[in-house]
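Please open the model in your viewer and keep the selection panel at hand. The stops below are meant to be followed in order, with each selection made before its description is read.

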Amino acid sequence: MSDSPIAPIQRVTVLGSGVLGSQIAFQAAFHGFDVTAYDVSDDAVAAAGPRFEQLVGVYEHDRVKGSENGGARAALDRIRLTADLGDAVREADLVIEAVPESLDIKRDLYEKLAGVAPEHTIFATNSSTLLPSDLKSFTGRPTRFLALHYANHVWQQNTAEVMGTTDTDPAVYEAVVDFARRSGLEPIEIKKEKAGYVLNSLLVPLLNAAAGLLLEGVADPATVDKTWRIGTGAPLGPFQIFDVIGLTTAYNVSVASPDEGSQYFAAYLKENYIDKGKLGTATGEGFYVY
Ligand code: NAD
């Protein structure tokens, strides 16, 4: 299969139309790609429609270049929705998988996908915590498989971390880097597999250190953030970043982490913020009031 020519990527199918899948599909359609959005059931497909509609407003509100004069709305005409996997991928050059972060769900989907996708189709996972090596054996095409990792709010935080396995064909890797660039993203070329990619390899230790300073009583959030902003020139401090990520996500990550400090931080977040409905910028209050 690695000998098949690499088709120039034009038709894209996104599997899963939740938080990230809807953004990935919309971003590609906004940049002129023909996109098919697949979800697991008719109900899930029906729920995706309003998410795409909402993204039109978001692109316009945030003045994403090209969204004026109906440019954002035009993207909707390039998105087709379906709950039929075979139909979804029949003509796909690239399939981007953004289904829940569960090895079982992803395995099941890749095994089905391997049976119905054309030979030339490249598969990419958007998984944040699984390595592409964890999934490659289910794909039936390890040479045409890699990770393409988007950040939440892709129209602003437009990194696309591209990370292959030792099996990934370099020409496939290049085709995906090229696709990322043509869909308005900044490709981040990662040379070897690394949990957390580049962004979370940097961000997670920063956030953990900030939580430690707070829990040890060394400094309050505003002092930690001020230090980081003035000392490095960064626009946001770590507790401001926590608020943007959402404290529920921070809680879930902390609970899942085996170390004692993370468990302590999870309990602290629950008691002081989550149980009081203070979930970050999305609810108007977290470490800060917005
Ligand atoms: P989500 O729960 O918002 O969306 C998942 C979608 O997948 C839902 O629409 C669901 O109906 C659908 N789905 C469930 N089972 C399916 C199946 N068998 N086939 C097809 N679709 C199915 O999740 P999300 O936050 O969009 O995360 C999806 C992936 O993106 C995960 O791997 C996650 O690690 C990654 N990711 C998430 C973020 C983030 O900030 N949320 C950022 C980067 C990467």
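Begin by selecting His153, which counts as partly exposed because its relative accessible area is 31%, where buried means under 20% relative accessible area, exposed over 50% and partly exposed in between, computed with a 1.4 Å probe and protein chains only. His153 sits in the loop between strand 6 and strand 7 (159–164); helices here are DSSP runs of H or I with at least four residues, strands are runs of E with at least two, and both are numbered from the N terminus. The phi angle of His153 is near 65°, a positive value in a residue other than glycine. Most residues other than glycine have a negative phi.

Before moving on, note that this is a predicted model, in which local features need pLDDT of at least 70 and side-chain atom pairs count only at pLDDT 80 or more, while totals for chains, interfaces and linings use all residues. Residues are numbered from 1 along each chain as its sequence is written, and side-chain values use heavy atoms, with hydrogens and water left out.

Next, select Asn69, in the loop between helix 2 (42–61) and helix 3 (71–76). Asn69 also has a positive phi, near 55°, in a residue other than glycine, and at 82% relative accessibility Asn69 counts as exposed.

**The ligand**

The shell holds 23 residues, and Val19, Leu20, Asp39, Glu101 and Lys106 are the closest. By class, 11 of the shell residues are nonpolar, 9 are polar and 3 are charged, given that Ala, Val, Leu, Ile, Met, Phe, Trp, Tyr, Cys and Pro count as nonpolar, Asp, Glu, Lys and Arg as charged, and the others, Gly among them, as polar.

A backbone N or O atom of Gly18 is 3.2 Å from a ligand oxygen atom, and a backbone N or O atom of Val19 lies 2.9 Å from an oxygen atom of the ligand. In the side chain of Asp39, an N or O atom is 2.6 Å from a ligand oxygen atom. The protein buries 75% of the 840 Å² that the ligand exposes when taken alone, with accessible areas from the Shrake-Rupley method and a 1.4 Å probe. Helix 1 (19–30), helix 5 (103–116) and strand 6 (145–150) are the elements that give two or more residues to this shell.

Leaving aside neighbours within four places in sequence, Ile24 is in contact (heavy atoms within 4.5 Å) with Val14, Ile96, Ala98, Asn126 and Tyr150.

Strand 4 (residues 94–97) and strand 5 run parallel and are joined by 4 bridges; strands pair if DSSP finds at least two bridges between them. From strand 5 (residues 122–125), Ile122 and Ala124 point one way and Phe123 and Thr125 the other way, and all are buried.

Strand 1 (residues 11–15) can be selected next: 4 of its 5 residues are buried. Strand 1 pairs with strand 2 (residues 34–38) in the parallel sense over 5 bridges, and the partner of Val12 in strand 2 is Val35.

**Two last residues**

Select Thr82 in strand 3 (residues 79–82), which counts as buried at 9% relative accessibility. Its side chain reaches the backbone nitrogen of Asp84 at 2.9 Å, and the side chain of Thr82 also makes a polar contact with the side chain of Asp87 at 3.4 Å.

Finish at Leu185, in the loop between helix 7 (170–182) and strand 8 (186–190). Leu185 counts as buried, at 4% relative accessibility, and beyond its neighbours within four places in sequence, its contacts include Gln27, Tyr150 and Ala180.

Key
Near = heavy atom within 4 Å. Polar contact = N/O pair within 3.5 Å; in protein donor to acceptor, adjacent residues only side chain to side chain.
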